[in-house]
Each structure stands twice: as structure tokens, then as C-alpha cells.
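This report describes the fold of one protein, from its overall layout to selected residues. Please keep the sequence and the structure in view while reading.

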Amino acid sequence: MGTKQFSGLPEDADLTRADSLAREIFSDVANKWALLIIECLGERTLRFSGLRDGVEGISHKMLTQNLRMLERNGLVERTVHPTVPPRVEYTLTEPGRALRVTIDGLCGWTRRYLGDIEASRSRFDA
């Protein structure tokens with residue numbers, strides 16, 4: 001399946017359609033690493049090592065892949081400073097900051113209902 005182009009048609013934004021651009025974007029950003037990277041960046045500008053330290057458990061490879069995907073989708077801006085060695089920094093773009101508001105809500109929901117979910121899992125797994 002190739003990269004989709006936005007044609008301005010309603011089906012481009014229809015998440016229920018397998019071939020929609022919206023579903024492709026949703027699939028890209030709705031993974032745990034992307035969500036955690038966006039949450040970690042917040043209003044800050046961080047270097048790769050700062051992100052790696054801030055997102056516990058992420059591998060070098062997964063951080064690289066997700067940063068590239070977020071940059072491709074216009075959610076993260078990558079700035080390379082012409083120093084030796086090059087200094088690379090990452091920050092959220094305006095669309096990335098807007099998405100972070102939703103992610104903050106999801107994080108709040110998770111904290112609020114963590115006990116309920118844990119209890120449900122215990123009952124289910126018993």
C-alpha cells in the first residue's frame with residue numbers, strides 16, 4: 001500500500017475506510033512510543049539523549065524510527081546545528097502541540113482509571 005495523497009475528499013478523513021489518509025496517519029501516531037515521545041517533549045526542546053532518558057525502555061532504533069515518523073507527519077521539528085559533532089534538537093510543531101492536548105487527556109484518563117482497569121483485569125484473568 002503506497003503513501004496516500006490528500007485530495008480534499010471526505011473519504012480522506014474517514015477513519016472507518018481502510019484506504020483513508022486519516023487512518024494511515026492515525027496508525028502512525030497511535031502507538032505507545034509516539035505518544036510517549038510527544039508527552040516527553042511537551043513544551044521543551046530536547047536532544048536525542050534527553051528523549052531516550054525521558055522515555056524509559058525505548059531502544060535507540062525505536063526512538064529513531066518514531067522521531068522520523070513524527071517529523072514526516074509534521075508533528076516534530078528536527079533542528080541540526082552546524083557544530084562538530086552536529087547538535088540535533090527536537091521540538092513539537094503546532095500540530096504536535098495540539099495533539100499533545102489529546103495525549104494529556106489520555107494520560108489523565110489512564111491515571112484516573114488505572115485501579116479500575118487493574119481490578120477488571122484481575123477478575124478477567126481469574
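## Order of the elements

From the N terminus onward, the elements of the protein follow the order α-α-β-α-α-β-β-α. In total there are 5 helices and 3 strands. The model is a predicted one.

## Overall dimensions

The C-alpha atoms of the protein occupy a box of roughly 55 × 40 × 25 Å along the principal axes. The radius of gyration of the protein is 17 Å, whereas a compact globule of 126 residues would have a value near 14 Å.

The protein exposes about 8700 Å² of surface, and carbon and sulfur atoms supply 55% of that area. Of the 126 residues, 28% count as buried.

## Helix α2 against helix α5

Helix α2 comprises residues 32-41 and helix α5 comprises residues 94-125; their axes come within 9 Å and cross at roughly 105°. Angles of 65 to 115 degrees count as roughly perpendicular, and α2 and α5 are therefore roughly perpendicular to each other.

On the α2 side, the contact is made by L35, I38 and E39. On the α5 side, G96, L99, R100, I103, D104, L106 and C107 take part. Sorted by class, the contact of α2 with α5 contains 6 nonpolar, 1 polar and 3 charged residues.

## Helix α2 against helix α4

Helix α2 also packs with helix α4, at an angle of about 75° and with the axes 10 Å apart. This angle makes α2 roughly perpendicular to α4. The residues W33, A34, I37 and I38 of α2 meet M62, L63, N66, L67, M69 and L70 of α4. The contact of α2 with α4 divides into 9 nonpolar residues, 1 polar residue and no charged residues.

N66 is located in helix α4, which spans residues 60-72. Is N66 buried or exposed? A residue counts as buried when its relative accessible area is under 20%. N66 has a relative accessible area of 5% and is therefore buried.

Apart from its neighbours within four places in sequence, N66 is in contact with N31, W33, A34 and I37.

## Two residues on either side of helix α5

T93 lies in the loop between β3 (87-92) and α5. Its relative accessibility is 17%, so T93 counts as buried. Which residues are in contact with T93, leaving aside its neighbours within four places in sequence? They are G74, L75, V76 and E77.

A126 lies in the segment after α5. Exposed residues have a relative accessible area over 50%; A126 has a relative accessibility of 89% and therefore counts as exposed. A126 and T93 are 33 residues apart in sequence, and their C-alpha atoms are 45 Å apart in space. Thus T93 counts as buried, whereas A126 counts as exposed.

Methods
Residues are numbered from 1 along each chain as its sequence is written. This is a predicted model: local features need pLDDT of at least 70, side-chain atom pairs count only at pLDDT 80 or more; totals for chains, interfaces and linings use all residues. Side-chain values use heavy atoms; hydrogens and water are left out. Axes are lines fitted to C-alpha atoms, for helices over the stretch in contact, and angles run from 0 to 180 degrees between N-to-C directions. Helices (H or I, at least four residues) and strands (E, at least two) are DSSP runs, numbered from the N terminus. Angles under 35 degrees count as roughly parallel, over 145 as roughly antiparallel, 65 to 115 as roughly perpendicular and the rest as oblique. Contact means heavy atoms within 4.5 Å. Ala, Val, Leu, Ile, Met, Phe, Trp, Tyr, Cys and Pro count as nonpolar, Asp, Glu, Lys and Arg as charged, and the others, Gly among them, as polar. The radius of gyration is taken over C-alpha atoms; the globule rule is 2.2 Å times the number of residues to the power 0.38. Buried means under 20% relative accessible area, exposed over 50%, partly exposed in between (1.4 Å probe, protein chains only). Accessible areas come from the Shrake-Rupley method with a 1.4 Å probe; for residues, only the protein chains shown count as cover.
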